[in-house]
Amino acid sequence: MNIAARVCGLHVSFGARHVLREVDFCAPAVGVTVLAGRSGAGKTTLLRALNRLNETLPQCRTTGRVELDLGQGLESVYAGPDARPRPLNEIRRLVGMVFQTPDVLPVSVARNIALPLKVVAGVPAAETEERVRRALMDVGLWDEVADRLDLPAERLSGGQQQRLCLARALALDPAVLLLDEPTASLDVRAAAGIEELLLRLAARYPLIVVSHSPEQAVRLAARLVVLSRGRVRHVLEKGSVDAAALAALLGEDE
(Lines give C-alpha, C1' and ligand atoms only; values in the text may rest on other atoms or scores of the structure.)
Protein backbone atom coordinates (compact mmCIF):
# COMPACT_ATOMS: atom_id res chain seq x y z
CA MET A 1 0.00 0.00 0.00
CA ASN A 2 1.30 3.44 -0.90
CA ILE A 3 1.35 5.84 2.05
CA ALA A 4 0.46 9.54 2.00
CA ALA A 5 1.11 10.20 5.70
CA ARG A 6 2.90 8.34 8.46
CA VAL A 7 2.79 9.50 12.10
CA CYS A 8 5.08 7.90 14.69
CA GLY A 9 5.19 8.63 18.43
CA LEU A 10 3.48 12.01 18.03
CA HIS A 11 3.04 13.94 21.27
CA VAL A 12 1.48 17.43 21.33
CA SER A 13 1.06 19.58 24.41
CA PHE A 14 0.04 23.15 25.11
CA GLY A 15 1.79 24.26 28.27
CA ALA A 16 0.99 21.63 30.90
CA ARG A 17 -1.95 20.20 28.93
CA HIS A 18 -1.12 17.04 26.96
CA VAL A 19 -3.50 16.66 24.02
CA LEU A 20 -1.89 13.85 21.99
CA ARG A 21 0.21 11.03 23.42
CA GLU A 22 2.33 8.59 21.36
CA VAL A 23 0.07 8.67 18.32
CA ASP A 24 0.90 6.24 15.50
CA PHE A 25 -1.03 5.77 12.25
CA CYS A 26 -0.68 5.73 8.47
CA ALA A 27 -2.96 7.26 5.85
CA PRO A 28 -3.12 5.57 2.43
CA ALA A 29 -2.35 7.52 -0.73
CA VAL A 30 -5.77 6.70 -2.21
CA GLY A 31 -9.07 7.32 -0.48
CA VAL A 32 -10.33 9.10 2.62
CA THR A 33 -8.81 8.57 6.06
CA VAL A 34 -11.29 9.65 8.74
CA LEU A 35 -10.19 10.71 12.22
CA ALA A 36 -13.07 9.85 14.55
CA GLY A 37 -13.56 10.30 18.27
CA ARG A 38 -15.54 12.07 20.93
CA SER A 39 -15.17 15.79 21.59
CA GLY A 40 -11.76 16.44 23.13
CA ALA A 41 -10.22 13.23 21.80
CA GLY A 42 -7.51 15.20 19.94
CA LYS A 43 -8.78 14.90 16.36
CA THR A 44 -8.31 18.53 15.33
CA THR A 45 -4.93 18.79 17.06
CA LEU A 46 -3.78 15.69 15.16
CA LEU A 47 -5.01 17.15 11.87
CA ARG A 48 -3.27 20.46 12.53
CA ALA A 49 -0.04 18.64 13.39
CA LEU A 50 0.16 17.42 9.79
CA ASN A 51 0.69 20.94 8.40
CA ARG A 52 2.26 22.36 11.59
CA LEU A 53 -0.65 24.71 12.15
CA ASN A 54 -0.53 24.00 15.89
CA GLU A 55 2.60 26.12 16.00
CA THR A 56 0.47 29.24 15.59
CA LEU A 57 -0.98 28.57 19.08
CA PRO A 58 0.82 29.62 22.28
CA GLN A 59 2.99 27.19 24.27
CA CYS A 60 2.67 24.39 21.72
CA ARG A 61 5.29 21.66 21.92
CA THR A 62 5.38 18.81 19.41
CA THR A 63 7.61 15.74 19.51
CA GLY A 64 7.64 12.59 17.43
CA ARG A 65 7.68 12.16 13.68
CA VAL A 66 5.27 13.23 10.95
CA GLU A 67 6.09 12.19 7.40
CA LEU A 68 4.09 13.17 4.33
CA ASP A 69 4.41 12.37 0.65
CA LEU A 70 4.60 15.85 -0.86
CA GLY A 71 5.47 14.59 -4.31
CA GLN A 72 8.85 12.91 -3.82
CA GLY A 73 8.07 10.12 -1.38
CA LEU A 74 7.68 10.34 2.38
CA GLU A 75 9.60 13.16 4.04
CA SER A 76 9.62 14.58 7.55
CA VAL A 77 7.79 17.88 8.01
CA TYR A 78 9.32 18.48 11.46
CA ALA A 79 12.93 19.30 12.25
CA GLY A 80 14.97 16.53 13.80
CA PRO A 81 18.45 15.04 13.87
CA ASP A 82 17.99 13.44 10.45
CA ALA A 83 15.43 15.78 8.88
CA ARG A 84 15.66 18.91 6.77
CA PRO A 85 12.01 19.94 6.45
CA ARG A 86 10.76 22.18 3.70
CA PRO A 87 10.01 25.84 4.51
CA LEU A 88 6.81 26.19 6.50
CA ASN A 89 4.99 28.20 3.81
CA GLU A 90 5.73 25.45 1.27
CA ILE A 91 4.45 22.74 3.62
CA ARG A 92 1.18 24.63 4.15
CA ARG A 93 0.75 25.18 0.41
CA LEU A 94 1.23 21.48 -0.31
CA VAL A 95 -0.93 20.35 2.61
CA GLY A 96 -4.21 22.14 1.91
CA MET A 97 -6.70 22.61 4.72
CA VAL A 98 -10.44 23.32 4.88
CA PHE A 99 -11.96 24.28 8.21
CA GLN A 100 -15.26 23.53 9.93
CA THR A 101 -16.72 26.98 9.22
CA PRO A 102 -16.16 28.37 5.70
CA ASP A 103 -13.38 30.97 5.93
CA VAL A 104 -13.91 32.91 2.71
CA LEU A 105 -11.85 36.05 2.23
CA PRO A 106 -13.78 39.38 2.25
CA VAL A 107 -13.30 39.79 -1.49
CA SER A 108 -14.98 38.49 -4.65
CA VAL A 109 -15.47 34.84 -5.56
CA ALA A 110 -12.69 34.99 -8.17
CA ARG A 111 -10.23 36.85 -5.92
CA ASN A 112 -10.69 34.26 -3.16
CA ILE A 113 -8.75 31.94 -5.44
CA ALA A 114 -6.65 34.44 -7.40
CA LEU A 115 -5.10 36.14 -4.36
CA PRO A 116 -3.57 32.97 -2.84
CA LEU A 117 -2.36 31.94 -6.30
CA LYS A 118 -0.46 35.22 -6.56
CA VAL A 119 0.70 35.64 -2.96
CA VAL A 120 1.35 32.03 -1.92
CA ALA A 121 2.31 30.34 -5.18
CA GLY A 122 3.56 33.28 -7.27
CA VAL A 123 1.41 32.26 -10.23
CA PRO A 124 1.74 34.70 -13.17
CA ALA A 125 -1.34 36.80 -13.93
CA ALA A 126 -1.60 35.20 -17.38
CA GLU A 127 -2.27 31.78 -15.78
CA THR A 128 -4.56 32.91 -12.99
CA GLU A 129 -7.88 33.07 -14.82
CA GLU A 130 -7.56 29.51 -16.13
CA ARG A 131 -6.52 28.14 -12.74
CA VAL A 132 -9.47 29.88 -11.07
CA ARG A 133 -11.83 28.36 -13.63
CA ARG A 134 -10.33 24.89 -13.27
CA ALA A 135 -10.51 24.96 -9.47
CA LEU A 136 -14.16 26.04 -9.51
CA MET A 137 -14.95 23.27 -12.00
CA ASP A 138 -13.20 20.72 -9.76
CA VAL A 139 -15.65 21.46 -6.94
CA GLY A 140 -18.73 21.73 -9.16
CA LEU A 141 -19.09 25.47 -8.57
CA TRP A 142 -18.23 26.91 -11.97
CA ASP A 143 -21.71 26.64 -13.49
CA GLU A 144 -23.20 28.28 -10.40
CA VAL A 145 -20.89 31.32 -10.28
CA ALA A 146 -19.43 31.74 -13.78
CA ASP A 147 -21.59 34.81 -14.44
CA ARG A 148 -20.98 36.40 -11.01
CA LEU A 149 -17.29 35.96 -10.28
CA ASP A 150 -17.20 39.56 -8.99
CA LEU A 151 -19.86 38.80 -6.35
CA PRO A 152 -18.62 39.13 -2.74
CA ALA A 153 -17.92 35.60 -1.55
CA GLU A 154 -19.88 36.18 1.69
CA ARG A 155 -23.07 36.32 -0.39
CA LEU A 156 -22.78 32.68 -1.48
CA SER A 157 -24.70 30.01 0.41
CA GLY A 158 -22.92 28.06 3.16
CA GLY A 159 -22.41 25.03 0.94
CA GLN A 160 -21.09 27.19 -1.89
CA GLN A 161 -18.70 28.97 0.47
CA GLN A 162 -17.32 25.64 1.67
CA ARG A 163 -16.81 24.48 -1.91
CA LEU A 164 -15.08 27.80 -2.66
CA CYS A 165 -12.70 27.18 0.25
CA LEU A 166 -11.97 23.73 -1.14
CA ALA A 167 -11.43 25.20 -4.63
CA ARG A 168 -8.96 27.68 -3.14
CA ALA A 169 -6.95 24.81 -1.65
CA LEU A 170 -7.09 22.78 -4.86
CA ALA A 171 -5.91 25.71 -6.98
CA LEU A 172 -2.56 25.58 -5.14
CA ASP A 173 -1.93 22.00 -6.37
CA PRO A 174 -1.74 20.32 -2.94
CA ALA A 175 -0.25 16.90 -2.33
CA VAL A 176 -2.58 16.17 0.62
CA LEU A 177 -5.93 17.64 1.70
CA LEU A 178 -6.95 18.06 5.34
CA LEU A 179 -10.59 18.75 6.25
CA ASP A 180 -11.77 19.54 9.78
CA GLU A 181 -15.46 18.61 10.03
CA PRO A 182 -16.17 20.21 6.65
CA THR A 183 -19.94 19.66 6.83
CA ALA A 184 -20.56 20.60 10.48
CA SER A 185 -21.96 24.06 9.72
CA LEU A 186 -24.05 22.99 6.71
CA ASP A 187 -27.64 21.80 6.27
CA VAL A 188 -28.35 18.19 5.31
CA ARG A 189 -28.54 18.83 1.58
CA ALA A 190 -25.35 20.89 1.42
CA ALA A 191 -23.54 18.35 3.63
CA ALA A 192 -24.52 15.52 1.28
CA GLY A 193 -23.13 17.51 -1.65
CA ILE A 194 -19.80 18.02 0.13
CA GLU A 195 -19.58 14.30 1.00
CA GLU A 196 -20.17 13.37 -2.65
CA LEU A 197 -17.49 15.86 -3.72
CA LEU A 198 -14.97 14.47 -1.23
CA LEU A 199 -15.48 10.93 -2.49
CA ARG A 200 -14.82 12.12 -6.05
CA LEU A 201 -11.71 14.04 -5.03
CA ALA A 202 -10.40 11.02 -3.12
CA ALA A 203 -9.67 9.37 -6.45
CA ARG A 204 -7.08 12.12 -7.10
CA TYR A 205 -5.87 13.22 -3.68
CA PRO A 206 -5.26 11.63 -0.29
CA LEU A 207 -7.84 13.14 2.06
CA ILE A 208 -7.64 13.16 5.87
CA VAL A 209 -10.97 14.21 7.36
CA VAL A 210 -12.13 14.85 10.93
CA SER A 211 -15.74 13.77 11.52
CA HIS A 212 -17.95 13.72 14.61
CA SER A 213 -20.64 11.65 12.88
CA PRO A 214 -20.32 7.84 12.91
CA GLU A 215 -22.66 7.63 9.93
CA GLN A 216 -20.59 10.08 7.90
CA ALA A 217 -17.32 8.47 8.98
CA VAL A 218 -18.46 5.07 7.73
CA ARG A 219 -19.75 6.52 4.46
CA LEU A 220 -16.50 8.32 3.68
CA ALA A 221 -13.68 6.28 5.15
CA ALA A 222 -11.35 3.93 3.36
CA ARG A 223 -9.56 3.88 6.73
CA LEU A 224 -10.90 4.91 10.15
CA VAL A 225 -8.57 6.09 12.91
CA VAL A 226 -10.43 6.18 16.24
CA LEU A 227 -8.97 8.43 18.92
CA SER A 228 -9.77 8.51 22.62
CA ARG A 229 -8.17 10.82 25.17
CA GLY A 230 -5.31 11.72 22.89
CA ARG A 231 -4.38 8.19 21.81
CA VAL A 232 -5.21 6.02 18.81
CA ARG A 233 -7.46 3.21 20.07
CA HIS A 234 -8.48 1.52 16.79
CA VAL A 235 -7.50 1.58 13.12
CA LEU A 236 -10.29 0.10 11.01
CA GLU A 237 -10.53 -0.61 7.30
CA LYS A 238 -13.54 0.08 5.09
CA GLY A 239 -16.35 -2.41 5.61
CA SER A 240 -15.06 -3.69 8.95
CA VAL A 241 -17.51 -1.66 11.04
CA ASP A 242 -20.94 -0.10 10.63
CA ALA A 243 -22.18 3.19 12.08
CA ALA A 244 -23.76 1.55 15.14
CA ALA A 245 -20.59 -0.37 15.98
CA LEU A 246 -18.47 2.74 15.49
CA ALA A 247 -20.78 4.74 17.77
CA ALA A 248 -20.32 2.05 20.42
CA LEU A 249 -16.52 2.31 20.09
CA LEU A 250 -16.69 6.09 20.43
CA GLY A 251 -18.69 5.70 23.63
CA GLU A 252 -16.29 3.29 25.31
CA ASP A 253 -14.49 6.02 27.23
CA GLU A 254 -17.62 7.61 28.73
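**Close-up views of helix packing and a mixed sheet**

**View A. Helix H3 against helix H4.** Helix H4 (residues 125-138) crosses H3 at roughly 120°, and the axes of these helices come within 9 Å. The model shown here and in the other views is a predicted one. Since angles over 145 degrees would count as roughly antiparallel and 65 to 115 as roughly perpendicular, H3 and H4 are therefore oblique to each other. The crossing in which H3 passes H4 is right-handed. On the side of H3, the contact is formed by Ala110, Ile113, Ala114 and Leu117; H4 contributes Thr128, Arg131, Val132, Ala135 and Leu136. Of the residues in this contact, 7 are nonpolar, 1 is polar and 1 is charged.

**View B. Helix H3 against helix H6.** Helix H3 (residues 109-119) also packs with helix H6 (residues 158-171), here at an angle of about 30° and with the axes 9 Å apart. That angle makes H3 roughly parallel to H6. H3 passes H6 in a crossing that is right-handed. The residues of H3 that make the contact are Val109, Asn112, Ile113, Pro116 and Leu117, and those of H6 are Leu164, Ala167, Arg168 and Ala171. The contact of H3 with H6 comprises 7 nonpolar residues, 1 polar residue and 1 charged residue. Ile113 and Leu117 of H3 take part in this contact and also in the contact with H4.

**View C. The open sheet.** Six strands form an open sheet with mixed pairing, in the order S6-S7-S8-S3-S9-S10. Strand S6 (95-98) and strand S10 (231-237) are the edge strands, each of which pairs on one side only. On average, and with direction ignored, neighbouring strands of the sheet are turned by 20° against each other.

**View D. Strands S3 and S9, with helix H9 on the sheet.** Strand S3 (residues 32-36) and strand S9 (residues 223-228) run parallel and are joined by 4 bridges. Leu35 has Val225 in S9 as its bridge partner. Helix H9 (residues 243-250) packs on the sheet and touches S3, S9 and S10. The direction of H9 makes about 25° with that of S9. Among the strands touched by H9, S10 is an edge strand of the sheet, whereas S3 and S9 stand next to each other in the strand order.

Terms used: Residues are numbered from 1 along each chain as its sequence is written. This is a predicted model: local features need pLDDT of at least 70, side-chain atom pairs count only at pLDDT 80 or more; totals for chains, interfaces and linings use all residues. Side-chain values use heavy atoms; hydrogens and water are left out. Axes are lines fitted to C-alpha atoms, for helices over the stretch in contact, and angles run from 0 to 180 degrees between N-to-C directions. Helices (H or I, at least four residues) and strands (E, at least two) are DSSP runs, numbered from the N terminus. Angles under 35 degrees count as roughly parallel, over 145 as roughly antiparallel, 65 to 115 as roughly perpendicular and the rest as oblique. A crossing is left-handed if the near helix is turned anticlockwise from the far one by less than a right angle, and right-handed if clockwise. Contact means heavy atoms within 4.5 Å. Ala, Val, Leu, Ile, Met, Phe, Trp, Tyr, Cys and Pro count as nonpolar, Asp, Glu, Lys and Arg as charged, and the others, Gly among them, as polar. Two strands pair if DSSP finds at least two bridges between them.
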